[in-house]
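Thanks for coming. I will go through one structure, starting with its ligand and then turning to its domains.

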Amino acid sequence: MNLGIIGCGAIGSDVAKAADRMREIKKIYLYDRDKKAADTLCRLLRKAEVRKVEDFIEDVDVVFEAASQQAVVEYGLKVLRAGKDLIIMSIGSLFDDQLRKKLENTARRKRCRIYLPSGAVCGIDGILAASIEKIDSVTLVTTKPPSSLGRRLNKRTVVFDGNAREAVKKFPRNINVAACLSLAGIGFDRTRVKIVADPVVNRISHKILAHGRFGRLRAEMENLPNPNNPQSSYMASLSAIAILKRIVDPIQIGA
Ligand code: NAD
C-alpha cells in the first residue's frame, strides 16, 4: 500500500514515522505547504519522497490529512474524486454540512472511504454502537488549564455550556473532538459541550457522558501533550496510527 501525507507537523510526522516501520506500506509521499517541513521529515524516513498532492494522488491508496481545515477544503474532494481513501485529522472542517455532504457523496460514488480517527478522546466506539439504538443525551466535558484557554483564573469556572455547533464558534480549538463525537452519536445540535477552566489541572482532559437504550456510558481521557507540539495531545497521533493499522490489519477490533 502507498500512503500520501498532507501536513508534516506534529501528527503528520508521528504517523509518517510509524508508517515507515509498517511492512504493508511500501511508499510514503509527503506534502506540506511549508516545503522545509516536508524535506526535514523526508530525511528521517526510508520510504518517503516529497511531492505535490497533484503529483502523488494517482500513485497512492490512502491519503492522510494532518494539516488544517483549509487543507480538507482544498484537497478532500480531489482525493476522493481520484478514488482514494482519505483519513481526516482536521475533523472540525466537517461542521460545514455542505462540505461534509459533498465529501460523503463523492466517497459513496467512487466507492472509497473517509476515516475519522477518535483523536484525543476515548469512548467513540461505545457511542457508535449505542447510536444504532436511541440515545437520549451525549455530553462532552472538556477540562483545561486556564492558560490554554488564554485566561487567568484562580477558581474552577465553566466557560461554555451549550451545543457542539455553538462550542465550535466560540472555542474553535475544541473543534475536532466535538466534531468526531457529534458525528458518531446524535449530531452537532444535540451534543452538549461543557468547557471548564480549572487552575488545579495541568493536562487537558475529555470526558464523555451518554445514556440511552444501551444503558449509560462514562469515558474519560487525560492527555499528555505531543512532545513536538504542546498544543496537540499525543493521543491524537496514536489514534491516527491505530487507524492506519486498522486499514492494513486483517483483524478489525472494536465497533
Ligand atoms: P501542526 O501545526 O504541528 O502541523 C500542521 C502542518 O500542516 C504544518 O507543517 C503546516 O505547514 C501544514 N499545513 C497547514 N495547512 C496546510 C495546507 N493547507 N496545505 C498543506 N500543508 C498545510 O499541527 P498538528 O498538531 O500536527 O495537527 C494537524 C491537524 O490535526 C490540525 O488541523 C489539528 O487541528 C488537527 N488535530 C486533530 C485532532 C483530533 O482529535 N482529530 C487532535 C489534534 C489536532
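**Ligand site and domain contact**

Start at the ligand: one of its oxygen atoms sits 2.9 Å from a polar backbone atom of Ala10. A polar contact here is a pair of N or O atoms within 3.5 Å; within protein, one must be able to donate a hydrogen and the other to accept it, and residues adjacent in sequence count only if both atoms are side-chain atoms. Ser68 places a polar side-chain atom 2.9 Å from a nitrogen atom of the ligand. For Asn229, an N or O atom in the side chain is 3.2 Å from a ligand oxygen atom. The ligand alone exposes 860 Å², and the protein buries 81% of that (Shrake-Rupley method, 1.4 Å probe).

A word on provenance. This is a predicted model, where local features need pLDDT of at least 70 and side-chain atom pairs count only at pLDDT 80 or more, while totals for chains, interfaces and linings use all residues. Residues are numbered from 1 along each chain as its sequence is written, and side-chain values use heavy atoms, with hydrogens and water left out.

Now the domains. Domain 1 covers 2–115 + 235–248 and domain 2 covers 124–223; these bounds come from an automatic or database domain assignment. Between them the two domains bury about 840 Å², 72% of it on carbon and sulfur atoms (accessible area, 1.4 Å probe, lost on being put together, summed over both). On the domain 1 side, Ile91, Phe95 and Met235 lose the most area to domain 2, together 63% of what that side buries.

What is the count of salt bridges between domain 1 and domain 2? It is 1 (a side-chain nitrogen of Lys or Arg within 4 Å of a carboxyl oxygen of Asp or Glu).
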